[in-house]
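User: I have a structure open and would like to go through it piece by piece. Can you help me read it?
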Amino acid sequence: MSEPIVLGIESTCDETAAAIVRGRELLSNVVASSMEEHARYGGVIPEIASRAHAEAFVPCVSKALADANMTLADIDAIAVSAGPGLAGCLAVGVSGAKALAWASGKPLYGINHVIGHIAVTQLQFGAFPPDTLALIVSGGHTSLLHVEDMPRKIDVVGTTLDDAAGECFDKVARLLGFPYPGGPHIDRHAQHGDPHAIRVPQGLTQGKAGAAHPYDFSFSGVKTAVARWVESEQAAGHEIPVDDVCASLADSVATVLARKAMRGCEQYDSNTLIVGGGFSANSQLRAKLLEYGDKHGVEVRIPQIKLCTDNGAMVAMLGVNLVEAGVAPSAPDFAIDSAMPLTKVSM
Ligand code: KG4
Ligand code: ZN
């Protein structure tokens, strides 16, 4: 099989998505979001998200097939996110995918959603070089990975000891009164602010803690520092310079991520950095990574915005990698894993 054709299905959180990838080519990409139904609660309500997945599953898969001018008979395998994510949401996508696999007799791969976030870069930049470094920045994860051999050997080099970068942004956004998810609002305001207006700490970069954790991250101190500053300004009756707060926060987080990623590239002798996850849509991070990559002679591969947030293309692309590598499909009765570890690429 030269160019495997894989249908990818995604339902870890509030996006129901399906896409078809042939080799490194995206043939169709359909995303339905229940985000608006959650906004007034200030976060994703799992029960609402699960119901939305159940409603959107068949229309999404049907449209992905139709857009690619295909039926299930034309594809070589099905891939579905088996974790990590919300259990009820994963159950809808995985059950639906199992039904499709059963009915069509196609092999099924239960894949790791987070690894999908970096796999998707191959649609734009081609296959991973061997022994490369990857930075994952999603709502729940901030990690540096050493991808020795995609998709066979992936190790965790560093990870967040507390909040993920996306989580930190979402929490500060809530404090500033932005609706969920707050990350994109901080991004927009940051574009008009002064990144050096407020001193925001850069967690685990200095002293003993920095030396002990060169590749780990900590963003809860950043969140607390910004919260304290905003509260004290409010108490003093000052108006909050929202753009400056956002710009200072974004600059601090982007700088830490870019510095540690470049240090990791140096340590692992990698001149490529693969980037992925919802937070890699952040314009301050994208600019900082490209700037640092330029300085350090590292090619930074960041997905186009629509492939940063959750989608089916990332799932299908990782499915293609598994088929190409000759990895056995998942057992017909494989379980979902809402806390699937980053070292496990498929079930
Ligand atoms: O990867 P993702 O879609 O969901 C998970 O798998 O976790 O990531 C969602 C996260 C949210 O925290 C959201 O606020 C953040 O990505 N995000 C952004 C931007 N777009 C999405 N954060 C900052 N700037 C953005 N432009
Ligand atoms: Zn995601």
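This is a predicted model: local features need pLDDT of at least 70, side-chain atom pairs count only at pLDDT 80 or more; totals for chains, interfaces and linings use all residues.

User: Which strands does β4 pair with over four bridges and over five bridges?
Analyst: Strand β1 (residues 5-10) pairs with β4 over four bridges, in the parallel sense. Strand β5 (residues 108-112) is joined to β4 by five bridges, and these two also run parallel.

User: Which residues of β4 stand opposite Val6 and Leu108?
Analyst: Val6 stands opposite Ala77 in β4. Leu108 in β5 has Ile78 opposite it.

User: What holds paired strands together in general?
Analyst: Strands of a sheet pair through backbone hydrogen bonds, and the pairing is either parallel or antiparallel.

User: Now the open sheet. What is the order of its five strands?
Analyst: The order is β8-β7-β6-β9-β10, with mixed pairing. β8 (153-159) and β10 (299-301) are at the edges with a single partner strand each, so one side of each has no neighbour in the sheet. From one strand to the next, the twist averages 25°.

User: How many bridges join β6 to β9?
Analyst: Four bridges join β6 (residues 132-137) to β9 (residues 272-276), and the two strands run parallel. Ala134 stands opposite Ile274 in β9.

User: Which strands does helix α11 touch?
Analyst: Helix α11 (residues 283-296) packs on the sheet and touches β6, β9 and β10. The direction of α11 makes about 155° with that of β10.

User: Why would residues three or four places apart point the same way?
Analyst: An α-helix has 3.6 residues a turn, so residues at that spacing point the same way.

User: Last one, the largest pocket. What is its volume, and which residues are closest to its centre?
Analyst: The largest pocket has a volume of about 1200 Å³. It is lined by 43 residues, and the closest to its centre are Ser138, Gly139, Asp170, Tyr180 and Pro181.

User: Which elements give two or more residues to that lining?
Analyst: Those are α4 (113-119), α6 and α7. The largest share of the lining, seven residues, comes from α6.

How values were computed. Residues are numbered from 1 along each chain as its sequence is written. Chains are lettered from A and ligands numbered from 1 in the order in which they are written. Side-chain values use heavy atoms; hydrogens and water are left out. Two strands pair if DSSP finds at least two bridges between them. Axes are lines fitted to C-alpha atoms, for helices over the stretch in contact, and angles run from 0 to 180 degrees between N-to-C directions. Contact means heavy atoms within 4.5 Å. On a 1 Å grid over the protein atoms alone, a cavity is a set of points where a 1.4 Å probe fits but cannot get out, and a pocket is an open set with protein on both sides within 12 Å along at least five of seven lines; lining residues have an atom within 4 Å of a point. Grid points are joined across faces, edges and corners, and a volume is the space filled by probe spheres set on the points.
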